[in-house]
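Hi,

Here is the structure I promised to pass on.

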Amino acid sequence: MPANHRIITIARLALLACTGCISNEFDEAPLAMACEVGVVRGHTRADVEEVARLAGQLDPAVKEIVRPRQTPPLRIVVVPQHPSRPDATTMFEMRPNTGAIRQFIAIRIDGSGPRRFLLAHELVHWYADWAWDHLPIAVEEGMADLVAAQLSPELGALRRVMLMHHKPTVPDIRRMLEVERGTERGLDWRSREMLYLVGRQVAERIGIDRLRSWCLTAEATGSGHIPLEWLLDPSAAPASAERHAQHQDAPRFEDAGAKRERNL
Ligand SMILES: [Zn+2]
């Protein structure tokens, strides 16, 4: 792949990562390796060994950030690239009473750098259970993107440069924050890009610790989604919603959004 093409591809990687429904790709991969954090399967020994190594490096760091309630062993499969499939996917099985059950992570892309970024992103989906479900899917995607950028700084910097060229309006932001979980796969590619962009900006402005605090409060009080107005203007969140974490004041989202609208 030419260098310029690879850079563009890498910059767009997180836009291609998503969650998906059940398939047999994990069980059908012929090679398997048990490692400290779970099982990695694949079609070549080199792929399996490299992804097992990356998983061993990333798993403790992602758990430290996400702080999941449950830590099921990882199940990862390295599969050939496919033009109509995402480069990385976390597969879930929906069950009536228990909700989404993690099945496996599928990684399709070559190269240790891109794999590191995408695996970190998917590990956030793997561990973002229970209280994190109170976030809109856009913000979970944004949190996954932000964590991947922290754990893969070289590609993270490239992603950030790409994101700075996009200027969502306040109506765009509201529309993306209202996308229901499970419906994001039905969005056209432009809307999916906007979903990732808005989610990343919200996650970065509010911060993962503060989002966790809101989610834990929502879980404790039996609330539904985090109120949209809190995500747009963090000062709208009551002090009682923020007793679980230390944080710094975040700017109102409308302020930045209004500035962006003027820039358009
Ligand atoms: Zn994702």
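Before the notes, one term: I call two residues in contact, or touching, if their C-beta atoms, placed from the backbone, lie within 7 Å. Please also keep in mind that this is a predicted model.

With that cut-off, Ile107 touches Val51, Ile76, Val78, Ala88, Arg115, Leu118 and Leu119, leaving aside residues up to four places away in sequence. Ile107 also turns up in the largest nonpolar core, where it is listed with Val51 and Val147 as having the most contacts inside that core. The core has 71 residues, and helix H6 gives the most to it, with 10 residues. Both domains take part: at least three residues come from each of domain 1 (3-132) and domain 2 (137-255). As background, nonpolar side chains tend to be buried together in soluble globular proteins.

For the overall picture, the protein chain has 12 helices and 6 strands. Its length is 264 residues, and 43% of them count as buried. If you take contacts between residues at least 6 apart in sequence, 71% of those join residues at least 24 apart.

Now to the helix packing, starting with H6 and H9. Helix H6 covers residues 137-151, and it packs on H9 at an angle of about 70°, with the two axes 7 Å apart. Because of that angle, H6 counts as roughly perpendicular to H9. On the H6 side the contact uses Ala138, Val139, Glu141, Gly142, Met143, Asp145 and Leu146. On the H9 side you will find Leu195, Tyr196, Val198, Gly199, Arg200, Gln201, Val202, Ala203 and Glu204. Sorted by class, the residues of this contact are 9 nonpolar, 3 polar and 4 charged.

H9 (residues 189-206) also packs with helix H8 (residues 170-177), here at an angle of about 95° and with the axes 9 Å apart. So H8 is roughly perpendicular to H9. The residues that meet are Asp172, Ile173, Met176 and Leu177 from H8, and Met194, Leu195 and Val198 from H9. This contact has 6 nonpolar residues, 1 charged and no polar ones.

Which residue would I click on in H8? Met176, which sits in that helix. Is Met176 buried or exposed? It is buried, because 27 other C-beta atoms lie within 10 Å, and the cut-off for buried is 20 or more. Not counting residues up to four places away in sequence, Met176 touches Ala138, Met194, Leu195 and Val198. Met176 and Gly199 are 23 residues apart in sequence, yet their C-alpha atoms are 8.0 Å apart in space.

Two other spots may interest you. Ala61 lies in helix H4 and is partly exposed, since it has 14 C-beta neighbours inside 10 Å. Ala61 and Leu151 are separated by 90 residues in sequence, but the C-alpha to C-alpha distance is 8.0 Å.

The other spot is Arg67, in the loop between helix H4 (45-66) and strand S4 (74-78). Arg67 has a positive phi of about 55° although it is not a glycine. With 14 other C-beta atoms within 10 Å, Arg67 is partly exposed.

Cheers

Terms used:
Residues are numbered from 1 along each chain as its sequence is written. This is a predicted model: local features need pLDDT of at least 70, side-chain atom pairs count only at pLDDT 80 or more; totals for chains, interfaces and linings use all residues. Axes are lines fitted to C-alpha atoms, for helices over the stretch in contact, and angles run from 0 to 180 degrees between N-to-C directions. Helices (H or I, at least four residues) and strands (E, at least two) are DSSP runs, numbered from the N terminus. Angles under 35 degrees count as roughly parallel, over 145 as roughly antiparallel, 65 to 115 as roughly perpendicular and the rest as oblique. Ala, Val, Leu, Ile, Met, Phe, Trp, Tyr, Cys and Pro count as nonpolar, Asp, Glu, Lys and Arg as charged, and the others, Gly among them, as polar. A nonpolar core is a set of buried Ala, Val, Leu, Ile, Met, Phe, Trp, Tyr and Cys residues joined through C-beta atoms within 7 Å. A residue is buried if 20 or more other C-beta atoms lie within 10 Å of its own, exposed if 12 or fewer, and partly exposed in between; C-beta atoms are placed from the backbone. Domain bounds come from an automatic or database domain assignment.
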